[in-house]
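The stops below are given in the order in which they may be selected.

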Amino acid sequence: MADPLNAAFVLFGIFFLLLFMGSPIAVAIVSSSLLVGIAYLPPETALFISTQKMFSGLDSFTLLAIPFFILAGDIMNKGGIAIRLIDLARLVGGRLPGSLAHTNVIANMLFGAISGSSIAAAAAVGGTMGPLQRKEGYAPDYAAAVNIASAPTGILIPPSGPLILFSLVSGGTSISALFIAGYIPGMLMGLTVMIVAGIIARKRGYRSSVRSTPGEALQIVLRALPALGMIVVIIGGIVIGVFTATEAAAVAVLYALILSLAYRMTTPREYLRIFCRSAILTASILFLIASSGVMSYVMTIAGIPDMIADTILQFDNLIVVFLIMNLCLLVIGFFIDLTPAVLIFTPIFLPIAQQMGMDPVQFGIMLIFNLGVGSMTPPVGSVLFVGCSIAGLRIDQVVKPILPFFFALVIALLMVTYIPWLSLGLPRLFGLM
């Protein structure tokens with residue numbers, strides 16, 4: 001199998017076949033990689049190197065941030081935080097046409113920034129906002145589409161697990177720079193959804209909500225301040241150099257635990273379930289990371305990344321190359337979940353982007369933005385599944401209402417791709433680059 005093209009067809013063919021048959025993603029990655037690796041190495045050597053790559057892929061201090069941020073997000077999700085953030089979001093977006101839709105978007109941005117999970121945001125915020133929007137006469141498919149389209153803002157606005165993964169796979173891109181770089185693109189994503197939601201709301205006659213009195217507004221803000229304080233403590237500590245991103249994750253767990261105890265909205269039994277859920281999710285992510293190291297090695301010895309780079313770079317035009325990369329990543333996002341997509345395709349596309357002059361920080365934001373959009377589309381969109389489940393709708397009922405948001409977000413994605421300042425402005429301002 002000397003031809004890299006044949007190796008690529010066999011590798012990804014077996015991979016997708018195993019996925020279609022219902023195999024877990026990590027198992028599909030390892031199995032397809034081993035089968036192709038045996039074509040280049042003796043079976044004993046291929047098995048030994050694969051095992052070695054799986055263990056070495058987990059030997060990183062940076063990876064400790066992932067279980068901590070997962071645990072912190074889960075504690076915040078179950079500790080009475082969501083309703084306080086939704087009240088604050090309603091205060092901010094309450095005067096706009098279709099105010100509950102704007103409230104949904106802002107709440108997803110706030111909750112995503114605290115939990116670091118688009119799925120958690122779609123479930124927590126959508127579960128609260130859906131019934132309110134139906135009560136106000138909003139079409140259920142419209143409400144679900146707004147929730148699904150805005151939930152991925154949480155993977156761009158820090159803290160973000162996917163950005164930590166990208167830092168690891170890319171060879172040590174600064175997590176601090178990536179976190180700060182995610183703010184403007186994340187807010188751009190949310191603003192884009194709000195613009196589309198507002199246009200549709202105005203056409204359908206969805207009205208604004210009742211305004212709060214100054215006293216009520218102050219009370220809402222004060223109730224939300226402790227939750228928002230987590231963002232200030234974590235990101236502020238990273239920026240001024242008090243602690244690293246990994247240490248910040250541990251601080252986030254302590255902060256979330258203290259806050260949830262203060263709110264007294266979680267029982268001891270629920271804490272046990274939270275720790276168990278976080279442990280299971282962490283194990284699945286770490287297994288994916290370990291298995292992706294095997295696939296990366298096999299792709300390297302087969303020459304697949306070089307073949308893809310040579311094919312794309314034949315165009316020798318920055319605009320066209322970045323357009324092709326975005327198109328490839330969007331299609332990848334349709335079929336592969338975010339975590340394995342980051343692990344598998346970062347080593348392929350990052351060298352191409354660097355050769356065309358794109359900074360790794362900007363590429364990381366572009367990559368996560370792309371895959372975030374993919375998470376709201378069928379057939380594998382995890383946020384789409386969660387949002388539909390929360391809304392009690394079938395996927396086919398929501399696909400059409402999501403299309404305006406999808407195309408608008410693609411325009412925002414192209415802005416992030418071709419305007420470096422959107423990603424690099426804040427990290428440079430804070431001296432992180």
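Begin by selecting N317, which is placed in the loop between α15 and α16. The model on display is a predicted one. With a relative accessibility of 35%, N317 counts as partly exposed, because that class covers values between 20% and 50%. N317 and R264 are 53 residues apart along the chain, and their C-alpha atoms are separated by 58 Å.

**The nonpolar patch**

Show the surface and colour F16, L327, V331 and F335, which make a nonpolar surface patch of about 360 Å². F16, for its part, is found in helix α1, residues 4-20. How accessible is F16? Its relative accessibility is 35%, so F16 counts as partly exposed.

**The second largest pocket**

Keep α1 and α16 in view and turn to the second largest pocket, for which both helices supply lining residues. The volume of this pocket is about 440 Å³. Its lining consists of 18 residues, and those closest to the centre of the pocket are F12, I308, C328, I332 and F345.

Helix α1 provides six residues, the largest share of the lining. Colouring the lining of the second largest pocket by class gives 17 nonpolar residues, one polar residue and no charged residue.

**The largest cavity**

Rolling a probe the size of a water molecule over the atoms shows where empty space is left. How many cavities of 30 Å³ or more does a search of the whole structure find? The search finds one. The largest cavity holds about 40 Å³ of space. To locate this cavity, select S33, G37, L41, A46, I49, S50, Y297 and V298, which form its lining. Helices α2 (25-37), α3 (43-56) and α14 (268-302) are the elements that each give two or more residues to that lining. Helix α3 gives the most, with three residues. By class, the lining of the largest cavity comprises five nonpolar and three polar residues, with no charged residue.

**Salt bridges**

Stay with helix α14 and show its charged side chains. Side chains of opposite charge can pair when their charged atoms come close. A search of the whole structure finds three salt bridges.

Select E270 and R273, both in helix α14 and three residues apart, about one turn of the helix. Their side chains meet in a salt bridge with an N to O distance of 2.9 Å. Is E270 buried or exposed? At 15% relative accessibility, E270 counts as buried, because the buried class lies under 20%. R273, by contrast, has a relative accessibility of 39% and therefore counts as partly exposed.

R277 counts as partly exposed because its relative accessibility is 34%. Through salt bridges that share partners, E270, R273 and R277 are joined into one network.

For the remaining pair, select R394 and D396, whose side chains meet in a salt bridge at 3.0 Å, N to O. D396 has 52% relative accessibility and so counts as exposed.

**A buried loop residue**

For the last stop, select Y138, which lies in the loop between α7 (118-135) and α8 (140-150). Y138 counts as buried because its relative accessibility is 5%. Y138 and I81 are 57 residues apart in sequence and 25 Å apart in space.

Key
Residues numbered from 1 in each chain as written. Predicted model: local features only at pLDDT ≥ 70, side-chain atom pairs only at ≥ 80, totals over all residues. Heavy atoms only, no water. Patch = residues over 30% accessible without salt bridge, like charges linked within 9 Å, V, L, I, M, F, W, Y side chains within 5 Å. Areas by Shrake-Rupley, 256 points an atom, 1.4 Å probe, with all protein chains shown as cover. Salt bridge = Lys/Arg side-chain N within 4 Å of Asp/Glu carboxyl O. Helix = DSSP H or I, 4+ residues; strand = E, 2+ residues; numbered from the N terminus. Buried < 20%, exposed > 50% of the residue type's maximum accessible area, 1.4 Å probe, protein only. 1 Å grid on protein atoms, 1.4 Å probe; cavity = no way out; pocket = protein on both sides within 12 Å on 5 of 7 lines; lining within 4 Å. Points joined across faces, edges and corners; volume = space filled by probe spheres on them. Nonpolar A, V, L, I, M, F, W, Y, C, P; charged D, E, K, R; others polar.
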